[in-house]
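Visitor: I would like to go through this model step by step. Please show it to me.

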Amino acid sequence: MQKGKLSVRLIISVFLVLLAWRVGGQEADSSDHDHSLTELLNAGRPTVAPGYFQFPIAPGQPNFLAGSMGELRPNHFHGGLDIKTGGGVNQPVYAAADGYVSRLKQSSFGYGNVLYITHPNGLTTVYGHLNEFKGAFAAELLRRQYDKQSYELECFFDKDRFPVKKGELVALSGNTGGSAGPHLHWEVRDAQDRQYNPLQWGGFPEIQDHVAPTLQAFALEPLGIEARVKNVFAKALFVPKVQPGPGVATNWADTISCFGTVGLLIQGFDRFDNAWNKNGIQRVAVKVNGQPFYQHNIDAIPFPTGTRQVGNFVDFLYQNTQGRTLQKLWVDDGNDLLMYATTSPGKGRLTVEAGKIYNIDITLADSYNNQTPLHLVLRGQQPEYFKTRSGTVKKPALRFEVTRNLLKAVAADPGTDSVGANLVLLRGNRRLEIKPSYTQNSENVYLYDLRAGLPDSIRFGTITKKFDRQVMIPAGKETNYATAKLNVLFGKETLFGNIYLGTSYKPEPTGSGFWTVGSPLLPLYHTAVLTLKPAAPPADPQRTAIYAATAAGGKAYLGGKWDEQGNITANIRQFGSYRILTDTKAPEGSLVGRAGGQLSFRVGDDMSGLASYRLLVGGQFRLLRFEHKKALLFTVSTDTLGPRLHGPAELRLTDQAGNERVIPLSL
């Protein structure tokens, strides 16, 4: 559905811009085109009158944000505003507008204790990481928790059950769930769970922002086998010698030679007034030779699936190997987010022709429209073979990498011939010789489109290396890949784009083996289904599961289901290495505090992790809260339904492998 909408928007975008350029045979002002792109970005989004939503923390008083909407997190777009609470908890949280409590959830992970209020305009505000709920709905949640005998619980309510008024106290702020520190996570969503930036409807006087974004770096990347940046097939990073201040224009002095299909990338951050934490950049617009070319605005993200598109929005490999988060300024394959508007058939990819000049203007902007400009000039230069030498290259060597659909092999070549030696691709009894595209510092660079077929090995002179990818997995279709040791099922939306998959298996003296599937430097959009085939079935399958593993011995429980053939299957969210391990040790726990007449327990499990916990006092269930960040279970004084904390009791801890420990207590 979203892909269809994106195609329609692209067609409309191109039509509007072409029409505007040729009105009366004259070019229209580029501001008209900017306006058209902005209208396309805003199409279908809700309109909210300024002042409809009240700021939910200390309304009317200056406040600060620890996180902004769309901020780039390691595995997701940040979906709302993180409002600071002075480094502490229990700040009053108020309903942002009239409505009703439609949903409550208590969890030790994710949003922790979270409240949803649905409003008459169809939007819902979300209040996360709370410490305590306030109101009749809190008592109803407690009653249901005792009915289910579980702290981890989610409740949904009809619209007439718990109405609230704008400015009504509904909760106290906290640090629950996956929060890294005390704050209120606040969102606005629609009925389809799309997350919207609350600042886009006029902002709030509590949050002042007169600080423009800061540019850290930009980059250019060749996106096709014919493409070059500065005469080579490699990403070129450009970092100002002195980082420009917020809002300061950067005019890159050197003209950059390019050819073919290239992509622009930027790195930067934004700040609000009187706050030093770095936030995300809301909007980026690109003009080519004065005409609008591309724009994105991170003001609306579908939840939860769209938020993982961050792995495709940024250069994921570069981020995880070089430590720089570069945002792509084009719509990459598999990206179905509706936060883009472009006027190019390449969806932001730029085709550079030989002999032509391209003036590029990039504008970074925040939610309050503070702007920072960047100007650079590209010159189209036809690629030609060239060779430069380096005296440090004394003997041949060979390495290779796969980028998109291309194999890039680099051979250290100490030879003195005017043209570097050929590379040989081998498959069965067939061979294909490839000439170098160029030789830089005595290293020959070879490019080959893998869609023509995968080699078994690569040879340069006397050096032969096995090609470590066995199969191409296409994006957009269900595909199953199987070997004697494993099976991987890819759904239609598992991948962003085509990938070239490599797998391996190493037996272990103890245990069932060490499987590797793909590379963790390659992001997945949705889950894949992994089946491992051990040499022999485990002695205790109930306590045996798949674990994500590292060569250094690290492990993380994934779970899995055993079949009659002795194979185990689990969903995976990222590529990596895996082991099958058996957990026979029960969780640990000890009473560590009795402050204020309440109990707190330190708990832990060294393998599969804690799955459930129960405190029984005189045989009666007593509710416990769990904070996984601190590995603490504790009772709360606001519990009016549980038994008194007095007399004989026991704490029951069960891990995900089913091991149970019962700790007797005398209270």
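**Strands and a pocket**

Guide: In this predicted model, strands β34 and β35 (residues 486-490) are paired in the antiparallel sense over four bridges.

Visitor: How many residues lie between β34 and β35 in their hairpin?
Guide: The two strands pair in the antiparallel sense. Together β34 and β35 form a hairpin, and the number of residues between them is three.

Visitor: Which residues make up the covered face of β34?
Guide: Strand β34 covers residues 479-482. Its uncovered face has Asn480 and Ala482. The covered face is made up of Thr479 and Tyr481.

Visitor: Which strands are the edge strands of the open sheet of four strands?
Guide: The order of this sheet is β28-β27-β31-β32, with antiparallel pairing. An edge strand here pairs on one side only. The edge strands are β28 (430-434) and β32 (463-466).

Visitor: What is the bridge partner of Leu423 in β28?
Guide: Strand β27 spans residues 423-427 and pairs with β28 over five bridges, in the antiparallel sense. In β28, Leu423 has as its bridge partner Ile434.

Visitor: Which element gives the most to the lining of the second largest pocket?
Guide: This pocket has a volume of about 1200 Å³. Of its 48 lining residues, those closest to the centre include Asn75 and His76. Elements that give two or more residues to the lining include β4 (99-106) and α5 (316-322). With three residues, the element that gives the most is β10.

Conventions
Residues are numbered from 1 along each chain as its sequence is written. This is a predicted model: local features need pLDDT of at least 70, side-chain atom pairs count only at pLDDT 80 or more; totals for chains, interfaces and linings use all residues. Side-chain values use heavy atoms; hydrogens and water are left out. Two strands pair if DSSP finds at least two bridges between them. Buried means under 20% relative accessible area, exposed over 50%, partly exposed in between (1.4 Å probe, protein chains only). On a 1 Å grid over the protein atoms alone, a cavity is a set of points where a 1.4 Å probe fits but cannot get out, and a pocket is an open set with protein on both sides within 12 Å along at least five of seven lines; lining residues have an atom within 4 Å of a point. Grid points are joined across faces, edges and corners, and a volume is the space filled by probe spheres set on the points.
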